[in-house]
Amino acid sequence: MIIKDISLTNFGKFSHKIVSLEPGLNIVYGENEAGKTTLHTFIRGMLFGIEKQRGKASGKDLYTKYEPWENPANYQGMMRIENEGVNYRIERNFSKQHKSFRVVDEDEGKELSESEIEALFSGLDENCYYNTISISQMGSVTDKELEVILKNHAANLGSTKSMEIDIKKAFSDLDSQRKKIISENKIGEEELIRKSIKNTTDQLEISASEQNTIVASIEQKKESAKRLTERKKELSALDAKRLEELAKQNERKENLYQDVISLTADTEKYSASLEQIQSQKSELEKQLTDKGIDGRETMDWLTDKIINRSNMPVAFIILMMACIGVAIGFMLGDYRMMFYFQYWIRPVICIGAAIVFLILAIIKYIYNKNKRKKKLDALKDLRLVMDRLDAAKHEEVYIERQLNSKREALENAQNLIRAEEEKNIESQDYSDELKSIESREREINETISKAQWVLEQKKEKDIEAEKRLEELNVKLEKIENAKIEISAIEEAKKNIEEIANEIRNSFGKKLNERASYYMSMITNGKYSDLSIDEKLNISVNGKHALIPVSKLSKGTIEQIYMSLRLAAADIIFEKDKKPILLDDAFAMYDNKRMGNTMKFMAEKMEQVIIFSCHTREKVMADKLGLTYNFIRL
């Protein structure tokens, strides 16, 4: 598998970042915080995924650390690889809400199935990746600790092709596990538990028999109660019919009582109204009598008399005309005397008297007119009184009729009430028998309730017994499983011992050969042979002596560590192409060691990706004239 390019769509600090890689040597350079570790983690994530941890661990896990700074829902990327001449595209969304993963065959344009993906990545898992093709410096580990790590790597690679199992600790762990299983599962109590299981089972069988008896008794009582209920229904139906008739009769009587109350109130109301109208009529008649009017004919006669009577003052008009005639007579009596003053005195006096009578006639006319108007107004008021009197008479007749009608209806209602009270509904009264049935029902129900209470108590005890039995069975099952585990532990110890013996004969020889080859190549022949003895002690063959690893420098031990990992990768991946990822792996190397190693890798490895925060790798590659792909972050 060769990585061709990676595309960080949204991962950590990167957004739409594309990095192209080449076969052979690739140097990825960046200062601290530039994103080298992010890029390295992205490659690992594209191959194996990054899961969100739970609980307190979720705050510091890789998922949270590299979750995009912006738009965290778009937490994804793509990586293109080549395997056995076929180009593939890996697409992965890391977001826990939209998690997805797929591999596309770009040459054929199809998406791979799960089985095809497993076949593509066969032999590569996360532990294998971290312990073979992904190599970083060993850091501040002491020489003694490095030696122990190398011994465990050598032994574990031989049996499991993985580095997550420490075989040297296996026997100690298995013995501790055996003691723990015996202690936790209390294997010595097996017989006591089996006896308790038998006693509990017998107790449950006895309880089941007793419960069956109680249930049969309850069913018998329920049947009796059922018969009583049916009889109660029959009697209740008959009694209900009687009560229905009584209710209807009471309803009729109640309605009649309401009618009597209503009619009585109406009668009293109309009587009071009649008295009021009669009192009003008497008062109106008295007003007319006081004015001398005994009827509407008298009223009409008086009205006609006043209307037809003239307002003119005839006497004053006649006197005025007489005075005018006398004046004319005086003037026409002797016209020869017209020129004398004394001649005009008498006519003027007559004319003056005529004027006085004219004024008096006008005053009298106005006076008569006002007087007639006052009389007409008085007659108008009296006519209103008479109209009110006529209205009162009509209302008196109407109220008398309504009063007689209400009195008649009241008498009829009272007669109907007496008829209903005299009517007797004849039917048998079942109330006493119903009371007796209800009493017997209560007794039966109390008996059933007591029996059910006893039954519930037994069931609760059975539940406790079943729970105890279940716990005992779980304990017994745990003991049996523990015995199986102990047997498995013994078998595992035997198998581990056999595997440890086979390391030297099979895998150990092959591992030594490949590791020695790599050690020779990266040390330029200084150390050409690695040796792992029966006690897993690692030594190197120098030019003159066998040198224990504990006497070597850290740089040399780092080279041994890298040789073992490269040898393990060869054995695990066999002839498959594989990328080698170096994360500051040359930090403990001097320039000579680093140059030898880089030259060998550039010439012999299918693909090497070096992540570094220094430029020394680039400077060394230029010095050696190596062909490489340089990527600056």
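Ser7 belongs to strand E1, which covers residues 2–11. The model is a predicted one. Ser7 has a relative accessible area of 13%, and because buried means under 20% relative accessible area, Ser7 counts as buried. Leaving aside residues up to four places away in sequence, Ser7 is in contact with Lys17, Ile18, Phe42, Gly77 and Met78.

Helix H13 is formed by residues 554–573 and helix H14 by residues 591–604. The two pack at an angle of about 15°, and their axes lie 11 Å apart. Angles under 35 degrees count as roughly parallel, and H13 and H14 are therefore roughly parallel to each other. Their crossing is right-handed. The residues that make this contact are listed below by helix.

| Helix | Residues in the contact |
|---|---|
| H13 | Gly555, Thr556, Gln559, Met562, Leu566 |
| H14 | Arg593, Thr597, Met601 |

Sorted by class, the contact of H13 with H14 comprises three nonpolar, four polar and one charged residues.

Helix H14 can also be described on its own. H14 contains 14 residues and spans 20 Å from its first C-alpha to its last, close to the 20 Å expected at 1.5 Å a residue. Buried residues in H14 are Arg593, Met594, Gly595, Asn596, Thr597, Met598, Phe600 and Met601. Among them are Arg593, Thr597 and Met601, which H14 contributes to the contact with H13.

Technical notes
Residues are numbered from 1 along each chain as its sequence is written. This is a predicted model: local features need pLDDT of at least 70, side-chain atom pairs count only at pLDDT 80 or more; totals for chains, interfaces and linings use all residues. Side-chain values use heavy atoms; hydrogens and water are left out. Axes are lines fitted to C-alpha atoms, for helices over the stretch in contact, and angles run from 0 to 180 degrees between N-to-C directions. Helices (H or I, at least four residues) and strands (E, at least two) are DSSP runs, numbered from the N terminus. Angles under 35 degrees count as roughly parallel, over 145 as roughly antiparallel, 65 to 115 as roughly perpendicular and the rest as oblique. A crossing is left-handed if the near helix is turned anticlockwise from the far one by less than a right angle, and right-handed if clockwise. Contact means heavy atoms within 4.5 Å. Ala, Val, Leu, Ile, Met, Phe, Trp, Tyr, Cys and Pro count as nonpolar, Asp, Glu, Lys and Arg as charged, and the others, Gly among them, as polar. The expected span of a helix is 1.5 Å times one less than its number of residues. Buried means under 20% relative accessible area, exposed over 50%, partly exposed in between (1.4 Å probe, protein chains only).
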